[in-house]
Amino acid sequence: MTYTPERPARVGLIGTGNIFGRYVHGMARFPRLKIVGCADLDHARAVKAAAEHGIAAYDSVEALLADPDIDIVVNITPPVAHAAVTAQAIRAGKHVYVEKPVAATVAEAEPLMALAEKHGVRYGSAPDTFLGSAAQTARRALDEGAIGTPVGATAFVTHSKAETWHPDPTFLFVPGGGPGLDLGPYYLTHLVNLLGPIATVSGLSRIGAPVRAVTSPGRTVESIEVTTPTHAAAVLGFASGVIGSLQMSFDVWNHHLPFIEVYGTEGTLSLPDPNGFDGDVRVRGNLDAEWTTLPPVFEPSGPLEMEVQMLRGSGVDDLAGAVDGAPHRASAALAFHVLEALEAVETSSTTRQVVELTSTAARPAPVNSEGATA
Ligand SMILES: NC(=O)c1ccc[n+]([C@@H]2O[C@H](COP(=O)([O-])OP(=O)(O)OC[C@H]3O[C@@H](n4cnc5c(N)ncnc54)[C@H](O)[C@@H]3O)[C@@H](O)[C@H]2O)c1
């Protein structure tokens, strides 16, 4: 199937919470995507969100899935619901794009890839920010030898302070959440895009504060009992031999840490926040006196303001292209590999063993110079 502006992929959104508006606005930028409607377990919430954005609300998730006019389901429910909603959509014959993490656990995620294959549908997953100008500029620089041969890499996942802005961030502090599953996918997906698959993981993790106060305006909860680790450090052994170090924490409130750096035999590459699409990618040769900011390999998606960088939809457009045979970059297979690596941090911490990953993932195809994912 070739989706075009004349015959766009018709998209149904399941989950009309916090991130819903960013999908609605973000997807409007892609001519081959058209939002048909939305649904939520909480019907009143779907009706309200639909009215705010001028789209239709289905009576139920089942009604949305039964509509033959929907080609792609975008699953933006909380992580604990990802697997069940994805399975429902696949069984209904829809292509699926799910927010990160691809599922709350490796065990839940694993059967879904075979299920998608059985039903002949494409299955994609966030994050998609590695399709943006910054990650693609870094990838090109690395591939062209700007820092020689990569030896090491580091990534620091720090606190998004969700309890100060999300009305109910409970899902971030219970199993299925934590900095690893919430923000870790952005960082590890970027690292795999740059350096290829991860082979081994060792790590330690712990809960920082056992109770979190929620201070966000319009909050629906006052405090959260924390039942998943909020602070972790890990060593990543990439299949290429690169050694990565990773810190992920909701206990680091302030710091001077970089987001992602890659260290090569001839220099260092520094990337901006992988939770956005654009930003300065800088390189510094071993003996250079200064950092050089690389020109982006294609036009950035927009200004570096949070609202613009947090718009979503590129991964859905990537999925629409993949249905037509283009490379599938933000694939569930990549997201699964990243999830396995993140879960391995926990496993390693509990067992005090190095974990050998069972999955692998090829580096996704680079995005072309126009920034299109087709
Ligand atoms: N909020 C953000 O800034 C942000 C950013 C990037 C990614 N994400 C991801 O997007 C997803 C959603 O996050 P959010 O912040 O919008 O969550 P949210 O809790 O604000 O909204 C989730 C919605 O899903 C609905 N829901 C729950 N279970 C369902 C089910 N089984 N079927 C149908 N609807 C169901 C809930 O009623 C709710 O309206 C998460 O995976 C999160 O990691 C969120």
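Strand 4 (residues 72-75) and strand 5 (residues 95-98) run parallel and are joined by 4 bridges, where two strands count as paired if DSSP finds at least two bridges between them, and strands (E, at least two residues) and helices (H or I, at least four) are DSSP runs numbered from the N terminus. This is a predicted model, in which local features need pLDDT of at least 70, side-chain atom pairs count only at pLDDT 80 or more, and totals for chains, interfaces and linings use all residues. Residues are numbered from 1 along each chain as its sequence is written, and side-chain values use heavy atoms, with hydrogens and water left out.

Strand 4 is also joined to strand 1 (residues 9-14), again in parallel. The two pairings are set out here.

| Strand pair | Bridges | Opposite residues |
|---|---|---|
| Strand 1 and strand 4 | 4 bridges | G12 and V73 |
| Strand 4 and strand 5 | 4 bridges | V74 and Y97 |

Both faces of strand 4 are covered, since I72 and V74 on one side, and V73 and N75 on the other, are all buried, meaning under 20% relative accessible area with a 1.4 Å probe, protein chains only. Together with helix 4 (residues 79-91), strands 4 and 5 make a right-handed β-α-β unit; right-handed here means that, with the strands pointing away from the viewer, the path from the first strand over the helix to the second runs clockwise.

Over residues 10-123 the chain is 45% helix and 20% strand, with the end C-alpha atoms 15 Å apart. In the protein, the secondary structure comes to 11 helices and 17 strands, and buried residues make up 55% of the 374 residues.

Key. Buried means under 20% relative accessible area, exposed over 50%, partly exposed in between (1.4 Å probe, protein chains only).
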